[in-house]
2 protein chains.
Amino acid sequence: MPKVVDHDARRLELVKVTWRVIAREGIDGATMREIATRAGFANGALKPYFASKDQLLAAAFQHVFNLTNERTERRTTGLRGLEALRAFCHEVLPLDEQRILEARIVIPFWQKALTDPEKAQQHEQDMNQWREQMRRYLQQARDDGDITQPVEDIQIVRHLLSTMMGAQIMAVLYPAEFSPSQQVEALDAYLGML
Amino acid sequence: MPKVVDHDARRLELVKVTWRVIAREGIDGATMREIATRAGFANGALKPYFASKDQLLAAAFQHVFNLTNERTERRTTGLRGLEALRAFCHEVLPLDEQRILEARIVIPFWQKALTDPEKAQQHEQDMNQWREQMRRYLQQARDDGDITQPVEDIQIVRHLLSTMMGAQIMAVLYPAEFSPSQQVEALDAYLGML
């Protein structure tokens, strides 16, 4: 009897290994075949699951987005309001080697999304999800009386989104000023002002 | 007598026209020859001045960085402290069509810089320049007694840098939440807290 292979499971398995190769070498630096073999798969292992490097990159982006969400869910368990928001932001910021590697997937994905409406839409959906998540935390903080500044929640959300996305670039390309501790200090200084 | 052509002047002339083609179509979307012809130059016009698309992109990035600096210089003339800082930030944020087009040069440049040390160094130098500029404005604001929050200048600088770089991405890829007026509101809300 032939082994039944779950297509989605195999696809995820391939992404779980190949995303690090792409992050390290750059999406332009290797062919699909090279990415496959460097990740320890057979030459043609990726082709049946990803029609192009573009598709592989989109899957890699969604994978690191999901990894981030698993982390934020763990870290925010039992927290609410500003404490939950701070924990959420700390998990999105590129504060360790794993997450700096994730930023190296996010940046080429953004670049491709500039001229690829499907990727742009995927990105927008992901950002909407984070926007709503942060709004819930801010609403809790309001309920708790923890925000004293005359600023709207949505302005705080926008500010944090751009700050955290900018940090993806800065941690990789301006590490002298964006070490993990420097990032945390700058973010906490902002949250402290609220 | 043969016409003397100033190499640097011609190079700048080529960049001044081609950067918009690259911004609109994406750096991967066209060959050097296509970029040249779409910008109204002869087929082989770019090759003697740029060895590769990578070099052209680096020159385009430096050109839009210089354009930004020309704008900030004009806008901050006669201003100091927080007013100068606000004017500076408003010129760096992608608040109009021209600057959203500029962001479409900046993002592919970041992507290339991930695996190109020369571009990464160029980026670091440019960020250092802005860091020092913002520190001068903040020092003036301190001298004027305009900053009341217990936060260090360098933390404000880092926070603004990541916010403004993140806004380059958001204005292009998340325009529903990052219209020009939304960007200005979010930034002014932050500066207002200081």
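## A tour of the chain A and chain B model

Select Lys112(A) and Asp28(B): their side chains meet in a salt bridge, 3.0 Å from N to O. A salt bridge here is a side-chain nitrogen of Lys or Arg within 4 Å of a carboxyl oxygen of Asp or Glu. Between chain A and chain B the count is six salt bridges.

This is a predicted model, in which local features need pLDDT of at least 70 and side-chain atom pairs count only at pLDDT 80 or more, while totals for chains, interfaces and linings use all residues. Residues are numbered from 1 along each chain as its sequence is written, chains are lettered from A in the order in which they are written, and side-chain values use heavy atoms, with hydrogens and water left out.

Next, show the whole interface. Chain A and chain B each bring 46 residues to the contact (heavy atoms within 4.5 Å). About 4300 Å² is buried between the two chains, 67% of it from carbon and sulfur atoms; buried area is the accessible area (1.4 Å probe) that two parts lose on being put together, summed over both. On the chain A side, select Leu114(A), Arg158(A) and Leu173(A), which lose the most area to chain B, together 17% of what that side buries.

The same surface serves both, as 100% of the contact residues of chain A recur in chain B.

Turn to the pockets. On a 1 Å grid over the protein atoms alone, a pocket is an open set of points where a 1.4 Å probe fits, with protein on both sides within 12 Å along at least five of seven lines; lining residues have an atom within 4 Å of a point.

The largest pocket has a volume of about 230 Å³. Select α1 (7–25) and α3 (53–76) of chain A, the elements that give two or more residues to its lining; α3(A) gives the most, with six. Among the lining residues are Asp8(A), Arg11(A), His63(A) and Glu70(A).

The second largest pocket holds about 160 Å³. Its lining includes Arg11(A), Gln55(A), Asp116(A) and Lys119(A), and α3 and α6 (117–143) of chain A each supply at least two residues.

Conventions. Grid points are joined across faces, edges and corners, and a volume is the space filled by probe spheres set on the points. Helices (H or I, at least four residues) and strands (E, at least two) are DSSP runs, numbered from the N terminus.
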